[in-house]
Structures are given as C-alpha cells and as structure tokens.
Amino acid sequence: MSTVETYTTPDGRTIGAPVMEMKNITLRFGGVVAIKDISFDIREGEIRAIIGPNGAGKSSMLNVMNGFYHPQEGEVWFRGKIRPPMRPYQIAGQGVARTFQNIALFKGMSTLDNIMCGRLTHMKTGMLSHILWKGKAEREEVEAREKVEKIIDFLEIQAIRKKPVGSLPYGLQKRVELGRALAADPELLLLDEPMAGMNVEEKEDMSRFILDVNDEFGTTIALIEHDMGVVMDIADRVVVMDYGKKIGDGTPAEVLANQDVIDAYLGVDHG
Amino acid sequence: MTNAAVLDTSLDTFPKLLVRNSTKFANRPAYREKEYGIWQSWTWAEVRKQVEALALGFLDLGMEPGDHVAIVGRNRPHFYWAMMAAQYVGAVPVPVYQDAVAEEMAYVLDHCNARFAIVEDQEQVDKILEIEDKIPGLKHVVYVDKRGLRKYDHTTLHAYTTVQETGRVKRDEHQPELDRRVNAATTDDTCVMLYTSGTTGRPKGVVMSHYNMLMTAKNSCEFDNLNETDSVLAYLPMAWIGDFIFSMAQSNWAGFCVACPESAETMQADLREIGPTYFFAPPRFFEGLLTNVMIRMEDAGNFKRKMFYKYMDHAKKVGPDLLDGKPVSAADKLKYQIGKLLVYGPLLNTLGLSRVRVGYTAGEAIGPEIFEFYRSLGINLKQLYGQTEACVYITQQPDGEVRADTVGIPSPGVEVRIADNGEVFYRSPGTFQEYYNNPESTADTKDPEGWVATGDAGFFEPSTGHLRIIDRAKDVGKMSDGGMFAPKFVENKLKFYPDILETVVFGNERDKCTAFINIDLSAVGNWAERNNIAYASYQELAGHPKVLESIQNHVEAVNKSVAEDEMLSGCQIHRFLILHKELDADDGELTRTRKVRRKVIEEKFKVLIDGLYDGSKEVFVETEVTYEDGRKGSISATLELRDAAVVPVKAKKDVAA
C-alpha cells in the first residue's frame, strides 16, 4: 500500500488522508473465518471498490465498517483515531451511511418519508416538541425537507415523491435507498451492491449518480460491486477479496493485471 | 408586405413587450417553475432583470446581431429568458428538440451555423462535445444545471448564473450597447428560427420575424380574449412552434403566466396543481387521458362505476348544448348540476382541467367520441388547423361552432383558398419569411404573392364555411383501379380505438389496402391483466391470438364505416398485421412530433409489405432498433398476417385525386 498522504486521480481530483483504516481485521462466526487478517484504508474523497467472488466476505467487511459486526481481531480507525466498539446508530451519527444489498426500505411509506428518515440522526428536537409542532421542531422539519427535496431533485425522482416505495420498480427503490443514505449528509458512504439486478441503462444511471455524489458533495464512497466493467469505470482504487483474504489492492489497472485476481475470477487449474 | 395591419411601434418587438410588461404587469407572475417540491415564481419585473443580466452577459461573450443561439432543454423559465436575452442582443434563438440524438442535433446546429448553445445539463453538454467536430461554428456553450460539470474545461463552457453575474458586474460597460441594439431592432428582424419536424427529408429552418409572431399573438389573443389573468402550462417541446406561440408570443402579448413542470414525468401532477385556464394538447394526449380514466373506472367500485356511467350518459346528452348556450330543459339542467357535483367536477379536478376556459387540440384528427367526452364535461375544447410556416394559426373554431370533423373557419387576418387539386393554400401576417439557406424550398412552398401551400388536401363545407381536411395532399394517391387512396382517413378511424396506438395503411397504386398496426401497451396491457393473460413484453402481447382477434374486429368495423363513404370505399383494409415493435422517433419511423414517416417505414419493413400482398400467412422479420443512448440492437419476430372481411363495393366511380 502506498504511504503517501495524498494522490491525484487521472481525472484530476486530489485524494486526501485516510478517513477509515482497517488494520488486520479478522472476523469469525464460530469456526468459520469470514475475514482473515485484512488491512486497507479509504481516503478522503475517493471511490473505493471492494470486489470478489461470492462468499469472499465483502458484505461482512461492510458490516464491520459500519459497526454491525465486531471483529475478533484487528482495529478500525476512523479519522485518525481508533474506534471503540460502537452500535451501528452511533457510527451513523459519526457520518457513516450505508445502503443494503437487499433493499431495506419502509415499503408502505412514500419515497419522501423514506428519505426523511435519513435525516433522523440530524434531528435534535424531541417527540413532545414535534407533537406540539412549534418553533424549533417546525424549523427543523422545514430544514430537513429542504435538504431532502434537493436530494430528490439530484436523483431525479420527483415523479415518485409521494408514491409508496413498495410499488416502485427495483431500480428506483435502489435509488431511493441511495437518497436515504445521502440524507444523512455522510462523510463516508457505504454501498452494498448498488447495481445488483439492474439492466444496463439503470446501471449507467446509477454509476452517474455515484460519480456525481462524489463530485458534488465530496463524499467518500466505499462500494461493493460485482460488475467488473462498472468498477473499472468508476473506482479510484480497488480491494479484491477471495475466501476472506485480501488478494489484491490498487488502481483498477493494477488489479486487472494481478495474477491472483485473474485466478480468483477465472478459476485456476488445479491439475 | 401584403398586409395592411401594423403593430403599435412601441410594441413591435419582443424586448419592447418585455419592457412594457415589466411596468404594466410589474407584480403579476410571469413564469413559474416547480423546483424542490415548491412552485417558484418570478414577476414580470423580475423576469426583465433576469433577462437583461443574461443579455449583458451574452454581450460580454461577444454575441453579435444575427448570431444563431441554439436552445436545448426541456421547458424551463431559464430557456425562455435565454431566448428573450438573445432577442435583446439582436441574435436569433433556435430552439432544438432536446431528445434528438447527437447526429440530428449536429445537422441542425451545423445548418444554422450556431455560434452559441444554451443547454440544460451534463447530458446535453456531453452531446455537444461529442459532435464538436461537426459544428465548427460553435463558440460558447452555456449550461443551466451545474451537476457533474465541475471538472469540465471551462474555457468555452459557462454556467448560466456565471454569465448573468458577469452581466451584472459589467453593466456599466455594456448597457449603452444593449440599449442601442434594442432600439435598432425592427419588427421585420428575425425573432426566432424553428426547425420543422421533417416528415419528409431533412428538417428545414423556418425564419420568423417579430411581426409574424406578434401579429399572430395579437390576433389570436383577441379571438379568445386571452388576458393577464390567464395561465398556461408549458410542457410541449420548446422546439415546436406551438410552444413558442403559447409560452412566448401570447404570454408576452397578453401578460399571462407560464408555468413549467418539475420534470417531464410529473406533468400530470403539475397540471393538476396549476389548473391552467388556457390549455393546448395534441389529440394523443386527450386520448391517453380518456383511456386512463376508463381503465380506472373499470377498477373502481360498483357504486362509483354506475354513478359515473349514469351521469356521463346525461352529460353526453346535454353537456355540449349547455356549453354552446343552446336551450336545455330545466330538469336536464338540474340533473347536469347534480352530475357536476358528483362526477364532472371531481373528475375535472383530478385531471387538472377544472379551470380550462379555452382548450385547443390540433395536429391530428381527434376521435368524435373523445372530443365529445371532454366537451360534455364542460371543457371548451376546440380544434384548430395550422402549421409551423403559418405561426400555427390557419383556421380555428369559434365558440359555439365546434365540431369534431372540421377544423373551423380561417383565423383572423388569414386568407385561405383551395386549389383545383384540393390543396389548401393560405396567406397571413404570420406567414414565415423563408426557409433558412434554402431558397428552392422557399420558392416551392411560398409564391411571390405570399400564398403558402400547406400540402394538405381539404375543402370548405358549403353550409357552414368550415374547413375539412382529408389527408396530406401528397399522401393522397390512387388505387390501381382508379379509386382515391387517402391513408390517413382510414388510419384515423382505426386510431379512434383506444387499444390501437398507431397505424400505417398502404395501398397506393395497388389493388387493395393493407395495414400495419401498433397496439397501445397500456390499454391492451390492462385488458390482458383483467383477462389473466400473461405477457413479458410488447412483442409478446402484440402476437397474442386474442389481441389479434380483437384488432381484427376493429379493422372489420372500420371497413364497414369506410365502405359508407362513396369516395373512399376502395380503401378498406384487406389484410393487416400487428408490428413486433412500437414505431419510434429514435428509429426514424416517426418524427419528433410523432407523425408517421411513410417512406422510411415502407423501406424498412419491405419484407412485411411484400408478405401482406403475396398472401403469406407468416413472415419472419429482423429490425434494427436504436436505444436512447444511441446504441443499436436488433429484434426479430415471426408475425402472423391476417385477412379481414371487407364490405363489397358497388361499381366504383373514377374520382380525381
């Protein structure tokens, strides 16, 4: 891994210091080792992809990053400090938001309400003042709505603002989920297979949104993705996992040239 | 100029009108746009400030009088202001269809040698960059939506707000020049150039003067008493003359408010929120709306459905008469009022048409039932006939003389005559100046006396003086037995069925007529759902035997009605097929305004036409399709060709086409 503090991407963005560092993470479920001694970092402003075949431990890694799993060994560093074991909502409060591989939206609620939920960590007023709906609570809701409306505009989902998300096609639900994560104003955005199950056109749209989020809000993004083409197009650096181990790390071109990666993806002749 | 009518010299150009509006209607809303979920509005005084700042910024970029400024985007106030700002500077705005693929756009931008392009967002900027080599004249691109454009090279690329900001900062430097140009402009200067959709061949640039536009606006506003309290929803393509007339010319003339939808998909919801008083839509829109209403009524509860049909029957009986102010019995009036309370009012409110005072439809024939439906609800829906070259208006229906099968009497200031071969000619203050850089076409279309050939065949009804249009003059042909062939006449009858979206009839110089049919996916899809018919795609549904059967019934019913027309009884459809793909503008089969391009279709689907005439039962076909991003793919299918029963016709008369 490079030790320089900053680097510049081919398209001219400057990538800063590490936001999150994973140091020698090992995660076990009983006797099963899901992640084995993995280290890598995610830097300010970068789009970092985690790829690997099925069962490689990618989603487990994301769950470690957002505090849902606690690794048996190793340390997670966030903004230059070691992160003590925390609850996922506390980590969300620190500015880490995520989306899920299997969409986890409130199906019966509208797009607008779902995205409003994403603002929850920023709401300071209590239940009582919300019931009374006076002063601060009202102002806070208006601010939240404004932010949410900007996200709706950004993701071009005005037409489904009032529709229950359960009735929406899959590709749009994925977009709403991204919207909810964005509503939290995250510093680090974790996307678990944002393009799974999409057709080419939807993938192109989603890629464009991910790049635009990074560009417009300067959000650091870590994403898991299967589609190699997409990863090569949008990621700055890629971590490759196989059977819980890290087998590659570097720019897309470096990773593509890595023999271990080729073996993992294309299979290796054991004869 | 052959026209005696003149405009007041203080109101004879667009910039002068804006100056008047900014004082006369200073605090009235001029433009609205829904953004971030809220309707934002600008008064006429604010609009003038926006436009002048932009115009000063344009001066700073070196925009010269006569420069062509391409406008590429959906209906947004910013683009209307950009057109006004270009007019301030003396340049000519050229609105372009924003969904055109790069190639089409390259042709237009190169043909008019556009020096500036005002575009919406990254998608359009990318498109321009892609065709940069083909449009060497283009110097500056200005974009409205900044998203994703931060990293682009900004030497010739500018943000809309930055241009305005520069204009404000350098006001002292450029204001005298701007004033000079506004004062120097005359009413005969070009105010806009619009490209025709090009049913035949390449699009042509139609040059319009301030006089053309404003005289037309004046006449049409007076005809329908449009004033500053009216409002309109701008949702039709900006590159189409109608939008320029409604959202720029008439709005500026009368001072009414133009509302822009949040996005193309939210148009229906926005329509409901705005409730315009003045509304134009093509027949296709009204058909789609009616189909939706009917589908939802089928899904409604028993009580509601019965109530709906009961009162709609009554509305059909007395609604149109009430609208025309004809005598209706007191009991019927009362029943209509109850119906209004229970059905018509809520329905109109849902559709967003409650406040419509003047509604127009044009472009295609509208089904009599569809037309009656809206009129019986109390919407003053009328028909007009027009074309780009005439600033829209050729004929229109006055209040109280509205019928489904005519297009009305000549609009104020318009003279109409019918040539010996049936072709309609007109001459009006709105008649275009010329086709840009195309003197031959200009001469072909417009004679030295100012008469313009419409290319449509029609006749005046002797009893009422209303014009009736039969078909495109060049599409009217002869059957091999000498009978008249008017494909549109038959196609329109077919398209009045809600499950038929589009159709193309063949038969010129042949012994019998045949047809291609496109089913309406939403209507037929709903029917399939109701009847437990599973389908995965348009193609699959189109090939379903039950669908074929029901279309066959429609074709045979149409044959019966065609047989009743003495002149056109030979145009009955002997064989037909349902196409495996929807006809699409991206594939060049339709124009951007969704008109059928017969030549293209005839060439592309030659195999199918041959199949229809050689009697085969099945034909295999493979067709190239273009996706929205310009990539190409292909779909193939084996289509079933069916025979339809025809009504035997007695001895044919030889009618000159």
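How many residues of domain 1 of chain A are in contact with how many residues of domain 2 of chain A? The legend to View 1 gives the answer, and the other views follow.

The model is predicted: local features need pLDDT of at least 70, side-chain atom pairs count only at pLDDT 80 or more, and totals for chains, interfaces and linings use all residues. Residues are numbered from 1 along each chain as its sequence is written, and chains are lettered from A and ligands numbered from 1 in the order in which they are written.

**View 1. Domain 1 and domain 2 of chain A.** Chain A is divided into domain 1 (1-95 + 187-200 + 219-271) and domain 2 (104-185), with bounds from an automatic or database domain assignment. The C-alpha centres of these two domains are separated by 28 Å. Across the boundary, 6 residues of domain 1 of chain A are in contact with 7 residues of domain 2 of chain A, contact being C-beta atoms, placed from the backbone, within 7 Å. The side of domain 1 of chain A that touches domain 2 of chain A comprises 4 nonpolar, 2 polar and no charged residues. Here Ala, Val, Leu, Ile, Met, Phe, Trp, Tyr, Cys and Pro count as nonpolar, Asp, Glu, Lys and Arg as charged, and the others, Gly among them, as polar.

**View 2. Contact between chain A and chain B.** In this interface, 13 residues of chain A are in contact with 11 residues of chain B. Helix H5 (136-154) and helix H7 (200-217) of chain A each supply at least two residues of the side of chain A that touches chain B; H5(A) gives the most, with 4 residues. Helices (H or I, at least four residues) and strands (E, at least two) are DSSP runs, numbered from the N terminus. By class, that side of chain A holds 1 nonpolar, 2 polar and 10 charged residues.

View 3. Most residues other than glycine have a negative phi. Asn24(A), in strand E3 (residues 18-29) of chain A, has a positive phi of about 50°. Asn24(A) counts as exposed, with 12 C-beta neighbours inside 10 Å. Glu156(A), in the loop between H5 and helix H6 (170-183) of chain A, has a positive phi near 55°. Glu156(A) is partly exposed, with 14 other C-beta atoms within 10 Å. A residue is buried if 20 or more other C-beta atoms, placed from the backbone, lie within 10 Å of its own, exposed if 12 or fewer, and partly exposed in between.

**View 4**

**View 5. Strand pairing around E18 of chain B.** Strand E17 (residues 415-418) and strand E18 (residues 423-427) of chain B run antiparallel and are joined by 4 bridges; strands pair if DSSP finds at least two bridges between them. Glu415(B) has Arg427(B) as its bridge partner in E18(B). The hairpin has 4 residues between the strands, and Gly422(B) takes a positive phi near 95°. E18(B) also pairs in the antiparallel sense with strand E20 (residues 452-460) of chain B, over 3 bridges, where Phe425(B) stands opposite Ala453(B).

Key:
Two residues are in contact if their C-beta atoms, placed from the backbone, lie within 7 Å.
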